[in-house]
Amino acid sequence: LAFLLSVYWITTNAVFAFQSTNISPSRIRSFVIPQQYATPMEKTDAEWQSILDDESYNVLRKKGTEPAFTSPLNDISSTSETKGIFSCKGCGEPLFVTTAKFDSGTGWPSFYAPVSSTSIAYQTDYDLLLPRNECSCANCGGHLGHVFEDGPQPTGLRYCINGVAMVYNEKKDNNQDNNEVSTTSIATIESPVEAAKLPMGSILPGIMVNLGVAALFLSSWSHRPS
């Protein structure tokens with residue numbers, strides 16, 4: 001088992017390192033990159049603590065995760081008569097709309113696309129050792145959640161977002177453009193674009209940690225009692 005885990009870790013990180021440094025156009029839809037390296041608004045840690053409640057601060061600024069099935073935003077359905085916008089709790093940036101929301105059964109608010117291709121920033125997350133695609137607010141840099149490739153059509157994506165990182169505002173008018181996912185967002189997700197590139201320096205630390213764990217497994221396996 002230790003040997004198999006070691007092989008799995010090494011193979012996963014080798015493949016991901018190649019994909020992350022030069023993501024192919026066929027995989028670009030899982031990133032929607034246009035604002036990936038935009039400079040977010042800056043506040044001191046003390047300023048963030050003063051404007052955010054403890055739970056929101058832990059998620060947005062410390063990359064925490066709220067307990068599953070605890071967010072009241074789970075109760076808002078895409079089929080509701082009243083439509084609205086989910087915005088970043090840190091800065092008010094519009095992130096998602098009700099028409100892109102769906103019940104993923106995971107316990108966290110889930111969406112198949114952001115409100116626009118420039119509202120979300122992306123980076124590689126190694127917090128659970130294996131790589132994941134982290135989502136952050138492109139405007140303030142606040143951590144929102146992660147995006148996975150097991151969502152519904154038309155994008156096939158699942159944006160798994162912490163409810164405490166957002167605020168929900170119902171629309172008071174009948175302007176359909178404000179209630180629907182923008183066609184620009186969908187087009188960016190579905191159309192092949194130039195391959196995105198992540199700096200190797202942001203990938204190597206996680207790879208080295210995983211390879212170290214794999215080496216420990218291999219060492220224990222090779223020195224097992226005969």
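Q: Is C88 buried or exposed, and how do I read that?
A: Buried means under 20% relative accessible area, exposed means over 50%, and partly exposed is in between (1.4 Å probe, protein chains only). C88 has a relative accessible area of 1%, so C88 is buried. Keep in mind that this is a predicted model, where local features need pLDDT of at least 70, side-chain atom pairs count only at pLDDT 80 or more, and totals for chains, interfaces and linings use all residues. Residues are numbered from 1 along each chain as its sequence is written, and side-chain values use heavy atoms, with hydrogens and water left out.

Q: How many disulfides are there?
A: A disulfide is a pair of cysteine sulfur atoms within 2.5 Å. By this rule, the count is zero.

Q: Which strands does strand 1 pair with?
A: Strands (E, at least two residues) are DSSP runs, numbered from the N terminus, and two of them pair if DSSP finds at least two bridges between them. Strand 1 (residues 84-88) runs antiparallel to strand 9 (residues 166-170), with five bridges. Three bridges link strand 1 to strand 2 (residues 94-97), again antiparallel.

Q: What stands opposite S87 in strand 9?
A: That's V167. In strand 2, S87 has P94 as its bridge partner.

Notes
Helix = DSSP H or I, 4+ residues; strand = E, 2+ residues; numbered from the N terminus.
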